[in-house]
Amino acid sequence: MKQLVVIGNSAAGISAVEAIRKVDKTSKIIVISDEDYPSYYRCLISYYLAGQVREEKLLYRSESFYKENNIELRLNRKVMRVEPKRNRIILEDKSQLSYDSLLIATGASPKFPHLAGIKKRNVFGFRTIKDVKEIEKILPVAKNACILGGGLIGLKAAYALKKRNIEVKLIVKSKQVLSQMLDYKAAGFVQKKIEENGIELIFGQDAVEIIGDGELKAIKLDSGKVIGCSLVIVAKGVSPNTDLVKDTPINVREGIIANEFLQTNIPNIYTAGDVCEGFDLVLNAPSVNALWPIAVEQGRVAGQNMTGQGLKYQGSLGMNSLEFFGLAVVSLGIFKIKEDDPNFEEIKFLDEKQNIYKKLILKDNYLVGAVLVGDIRNSGVFLRLIRERINISSLKDKLLNENFGYPEIMDLVNQKENLYV
Amino acid sequence: MKQLYYEVKKCLGCKSCEFACALTHSLTGELFKEINKEDPSLPRKKVLFSKGNNYPVSCRHCREPKCVDACMAGALTYDKEKGMVLHDESSCVGCWMCVMVCPYGAIRPNIKTKLPLRCDKCKDKDEPACVSACPTGAVIWKEEA
């Protein structure tokens, strides 16, 4: 009997085992997770901390899921090393596990900068249910928090803490929030919402020291400013969990490198999700695109290929959507270009009063990116134009019209239309 | 299972289907009460004009729904028997991932309620409200081909 091992029990791992079980009812499947918690909707942890989602709603797959699908789940077990030559993995307790086919879906971990005091108590990452439960424990005695980093995770953490009546300061090294998904203009709308809702933003400064004897007292910035706080959340991005393949022949750049079958350079080892460096359709280059929907998609393809289906993954692109104090924002593909770059063309719509800003980025008559603030209708249609590389020269002046939608691209997409007769 | 089809040539773009949809999904269920409200019920269907024709656009309940994959809150499931994407409002957090990935732009955000607007085929009724509301018979409710 074949033994398929999946390292990771989140979006990519679960999606993979579901795909495997669709066609293969007999192989032994073992899922390993270093978390001591059943599979959960990771992106909901901020909503949970905010008090908007109850704990039972976090559950992604119930215990019965593993039983019904004859999957052995090993929680709280960390894989230390993969040994491709011997087709086995080594766990933290030195035990070994052999595999016929392996999926590495180990996800990512928060990056902690090398700062004096970063290891102090009450300095947290914001990635796991464990992080959030520990943060929750100190909320009754915490009054004020500093969040390092103005990305989506930092913003979500800020929102959650604010909802729990903690005074929040967000320390952002760059000139704007969400610099990995929005241009300066779009970020301005989000920042306005944040500040209106009582979260303080500090730009252009970075933390240099976390102060306190044992207990956290304050944070010191590179400007010399010292801010008192009883809680620090580090949200300066994540890095793929690739340690287990260090010093192996498995190719790694930022993440574990996958080919179009989501296979590593070792044929019986696959990778998917936040650890996977796959092909980016917009950049036309390898990239790690860490997002729940992408992990689900990649997990499925990897799982299918672990059962020998030989399916190609078309690639992903950087994208995200968010809702912040009533403002909806979507970012797709390229969101910022160098000023007056002749290779690109921008189409924009701006209504400051209504908090609406839309920008599309085109290259040689192909859509390569979009930023939508306040009006995110049709973002799925734009995503499709990007993904399917559709020449939109005939549509350019219509894309941001009130009446634009799927019917306008119907003739251009590679799909037989059967609803409209 | 039954699905909505549209005989595009018959569609006048009168938006009767949009009104019927909004009304059927409203709390009051009465047109005059609804249109005088500050937050009137919103339609889950939009008629869009393109190249001489009108096209009612709403959720198609795709067999391999991208929105279900994208949902990071477990609010969306695909019900094979009903041939429908089901939306559990109590689980939805309004993250708009479903809006971002819908290949038809058929899911629209309701910013006020933080819930996506999508066709539910008027689940408790014999046929969707848009079918009988259409004055020209352009909206067709029939077994999937």
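Analyst: A salt bridge is a side-chain nitrogen of Lys or Arg within 4 Å of a carboxyl oxygen of Asp or Glu. This is a predicted model, in which local features need pLDDT of at least 70 and side-chain atom pairs count only at pLDDT 80 or more, while totals for chains, interfaces and linings use all residues. Residues are numbered from 1 along each chain as its sequence is written, chains are lettered from A in the order in which they are written, and side-chain values use heavy atoms, without hydrogens and water.

User: Why is the pair D411(A) and K51(B) called a salt bridge?

Analyst: The closest N and O atoms of D411(A) and K51(B) are 3.8 Å apart. The limit is 4 Å, so the pair qualifies. Between chain B and chain A the count is six salt bridges.

User: What makes residues of chain B and chain A count as in contact?

Analyst: Contact means heavy atoms within 4.5 Å. By that rule, 42 residues of chain B are in contact with 45 residues of chain A.

User: How many residue pairs between chain B and chain A are in polar contact?

Analyst: The count is 18 residue pairs, both residues at pLDDT 80 or more. A polar contact is a pair of N or O atoms within 3.5 Å; within protein, one must be able to donate a hydrogen and the other to accept it, and residues adjacent in sequence count only if both atoms are side-chain atoms. On the side of chain B that touches chain A, the residues divide into 27 nonpolar, seven polar and eight charged. Here Ala, Val, Leu, Ile, Met, Phe, Trp, Tyr, Cys and Pro count as nonpolar, Asp, Glu, Lys and Arg as charged, and the others, Gly among them, as polar.
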